[in-house]
Amino acid sequence: MHHTRGVCSFRLGFLCLSMLAVALPAFVLAQEQAGGTVVHPQTWPTAHSPLPPDPQGERRIQALLASMNTEEKVGQLIQADIGSATPEDVRNYHLGSMLAGGNSKPGGARVADGPQWLALAKAYERAAIDVPKGHPAIPLLFGIDAVHGNNGVVGATIFPHNVGLGAAHDPDLIRKIGAATAEEVRVIGLNWAFAPTLAVPQDVRWGRSYEGFSSNPKLVAEYAPAAVEGLQGKPGTPDFLNADHVIASAKHFLGDGGTHNGVDQGDAQISEAALRDIHGAGYPPAIDAGVQTVMASFSSWNGVKMSANKGLLTDVLKDRMHFDGFVVGDWNSHGQVPGCSNDDCPAAIDAGLDMYMAPDSWRSLYQHMLQEVRSGVISMARLDDAVTRVLRVKLRLGLLDGEPAAQPLEGKFDLLGGADHRALARQAVRESLVLLKNEHRLLPLDPRKHILVAGDGADNIPKQSGGWTLTWQGTGVTNANFPHAQSIWSGIREQVQAAGGKATLSVDGSFTQKPDVAIVVFGEDPYAEFQGDMPNLAYKPGDDSDLQLLKHLHAQGIPVVAVFLSGRVLWVNPEINASDAFVAAWLPGSEGGGIADVLLRKPDGSIQYDFHGKLSYAWPRNAAQTNQADPNPLFPYGYGLRYADNGDLPKLSEDPGIRLDNAQSGVYVMRGKPAKGYSLVLADAGGDTKPVTAMPASSPQGDLRATSVDYHVQEDARRFAWMGKHDAQFAIIADHAQDIARQSNGDMQLVATLRVDELGKGNATIGVACGVNCHAEVPVQAALASLQKGQWVRFGVPLKCLQKNGADMSHVDRPFVLHSAPGTAISIASVTLSSNADRSVACATP
């Protein structure tokens, strides 16, 4: 390591702050303790690029820069998404980079395979270098969120998410996974992976927690260089950024794992010491390993957005840590800077952002930047510095060597989900499993017995893979979309049958012949980013179906092995109590057979593979224990049983430490999706209904269509368009009827954050349903017509109006129903009970 760390590294508390006080004035220490925003670069560790000085390369870059006009320079600093920019746009606007967001696929398809991806990449590649004579032909950087394998491509190897890889405590494994991922990215013609994530999550209510290797900064610092070298190759060797490797991106700089209450894109309200020693731990090792790009975080530090934090992006990252690659933004993250918009943000480049990720705002951003360079708002010196950094990375990747070099891996589609990569992924599954309980040494199981495999995760590859798998949220796909993968059930069945035993799949746990043992696979449903934020650490509050399945089997005298799929540690004490053995399997990805490798003995009775994994996060004692620094967890960091250990546990407390019944009271839709315990259905005029499980969706006859749109962030709202010839409606359905009679007696309203895009001719209503032949509506056509089209507003319907119109508010099973006529299009981001609304309708009889 070239960087140096003070004795405060990886530690906080009185000792660390006291030592800083020796070097810093008293007012600085006071600000540290209060959590200020002034950055003190001299207190941060240093780092150094491992690449030797390259005067010849720098001269080439400067000569190329001198040949570029302003339009070409600005274009190099903008990254557009394939969903909004064509190859022709790349040619005309001189764009320096493209990306494919989580839901962006070739041709607008929901999923795409290797040949489709490669054809798309080649089209953009050709456009970038198709320039008029006398103009520089600068090839494209093309990035993708390859965060656990090349996970956006059908047939690719899907490795365990980072939360599982952290439990393996194996940096060499991380290096190998990075190399395999790079190869599969190169196969489809892309050259940049938005990985590794170096967040150090401290509150796993955060929906991106599974992207973090650990809550321990020391482990993240050990993994960072391994991940970077895996993707890029090791500096100083012929492998570095050769045709088998890709550009890596250390993300998200900085503090995304430390936001207050674990809110995605939130505010890290912490001291500079905590920001540096915990959340900054992975960056110096990544820079020492030669990482070429760093992605700025959506989040803030004490109220200052990272995309405009010059003290951190420039003074710390570039000057103190000597990072000589370039800083790229996250998805329109610059638009969240005060005074900025997605279309215009000179403050970001001034602070040190070099490339704007402007997926759908790139065109207007390009025009604004061009004007601001010409007017001097953006200095030519800063523009040239940013372009120089982008060109330096392209030079190191070999993109500036004249004609595009042959890419030997392109089109070798047999590498996608190839045997070697799948074997590596299976090893990663085995190493990541953590055994929390093994009563009477139930595990490992005899494969010659009759084994029942139950639970909705047993034969469910999308669920075992989690978010960021084929689609952004990991939803809307089935086992059929994973041609090279194996479900957990399939892996168990294969080994049991080979040993002469009997394996039976029964999702609900029913059977005709009593089994010798049951394996129940259950856990979190897929999610990504802010869609996964949660109010506490209780597992599925209000939904005890998994617990009842465990209890049902156990009550019949069947030993039960619980295999828990999750992107984070969660409070599952009741489920642990109801199991004889409990395995934290995280999100293992495409190689479900790795579970069977550890749970089952060899046919001769010997052990195949012992448990290897140790917790890289502390396991919570109750649902309210959200801070990883809490000194009294249920299972501490580093806990994990081996087969030789005593795996008995006393009965655990089932007190969640928080009133779970009210954890999400009054929240029906958040970020465009139904809250836990609710679902969305579309209904045609004739009464035919269809549940919505993925976007886009349509009612049975096509009269109503739902699609994803952006409100504050990517796809955090839904657009409902009445497209047929008849009225239609959508409804939020509660799993269990609720009593909101008390709220109806006050000033509470049903409040929808909505935007009227179009309004047809008819009588729109908003209402509720309350059982058989029980419903009430309030007419809202006139009120919606009075709203400004295209403008978001909090639109309220008083509960007392619905009560007055006949609803039984003590038994509401459909807390929101919107009925309208053809020609209407309304976007909705949230539906809640609230006392505040921008506009409210008056009580009236429909």
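## Close-up views of a predicted 846-residue chain

**Figure 1. The overall chain.** A compact globule of 846 residues would have a radius of gyration near 28 Å, and the 27 Å of the protein chain agrees with that; the radius is taken over C-alpha atoms, and the globule rule is 2.2 Å times the number of residues to the power 0.38. This is a predicted model, in which local features need pLDDT of at least 70 and side-chain atom pairs count only at pLDDT 80 or more, while totals for chains, interfaces and linings use all residues. Residues are numbered from 1 along each chain as its sequence is written, and side-chain values use heavy atoms, with hydrogens and water left out. Along its principal axes, the C-alpha trace of the protein chain spans about 75 × 75 × 60 Å. The protein chain holds 24 helices and 32 strands; these are DSSP runs numbered from the N terminus (helices are H or I with at least four residues, strands are E with at least two). Of the 846 residues, 61% count as buried (buried means under 20% relative accessible area, exposed over 50%, and partly exposed in between, with a 1.4 Å probe and protein chains only). Among contacts in the protein chain with a separation of 6 or more, 78% come from residues 24 or more positions apart, where contact means heavy atoms within 4.5 Å.

**Figure 2. Helix H8 against helix H9.** Here helix H8 (residues 171–187) packs on helix H9 (residues 217–232) at an angle of about 30°, with their axes 7 Å apart. That angle makes H8 roughly parallel to H9. Axes are lines fitted to C-alpha atoms, for helices over the stretch in contact, and angles run from 0 to 180 degrees between N-to-C directions. Angles under 35 degrees count as roughly parallel, over 145 as roughly antiparallel, 65 to 115 as roughly perpendicular and the rest as oblique. H8 passes H9 in a right-handed crossing (right-handed if the near helix is turned clockwise from the far one by less than a right angle, left-handed if anticlockwise). On the H8 side, look for Pro171, Ile174, Arg175, Gly178, Ala179, Thr181 and Ala182, which meet Glu222, Tyr223, Ala226, Ala227, Glu229, Gly230 and Leu231 in H9. By class, this contact of H8 with H9 has eight nonpolar, three polar and three charged residues. Ala, Val, Leu, Ile, Met, Phe, Trp, Tyr, Cys and Pro count as nonpolar, Asp, Glu, Lys and Arg as charged, and the others, Gly among them, as polar.

**Figure 3. Helix H3 across helix H15.** The axes of H3 and helix H15 (residues 380–396) come within 10 Å and cross at roughly 125°. H3 is therefore oblique to H15. This crossing of H3 and H15 is right-handed. Gly57, Glu58, Arg60, Ile61, Gln62, Leu64 and Leu65 in H3 meet Asp384, Val387, Thr388, Leu391, Arg392 and Leu395 in H15. The contact of H3 with H15 divides into six nonpolar, three polar and four charged residues.

**Figure 4. The surroundings of Pro50.** Pro50 sits in the loop between helix H2 (26–34) and helix H3 (55–66). With 28% relative accessibility, Pro50 counts as partly exposed. Leaving aside residues up to four places away in sequence, Pro50 touches Pro235, Ile287, Asp288, Ala289 and Gly290. Pro50 and Pro235 are 185 residues apart along the chain, with their C-alpha atoms separated by 6.5 Å.

**Figure 5. Backbone details to look out for.** Most residues other than glycine have a negative phi, and most peptide bonds are trans. The peptide bond from Ala195 to Pro196 is cis, with omega near 10°, and Pro196 lies in the loop between strand S4 (192–193) and H9. Another cis peptide bond joins Phe253 and Leu254, where omega is about 15°; Leu254 belongs to the loop between strand S5 (249–253) and strand S6 (267–268). Trp468, which is not a glycine, has a positive phi near 55°. Trp468 lies in the loop between helix H17 (461–465) and helix H18 (488–499), and at 5% relative accessibility Trp468 is buried. Arg671 also has a positive phi, about 55°, without being a glycine. Arg671 is placed in the loop between strand S18 (667–670) and strand S19 (673–674), and is partly exposed at a relative accessible area of 25%.
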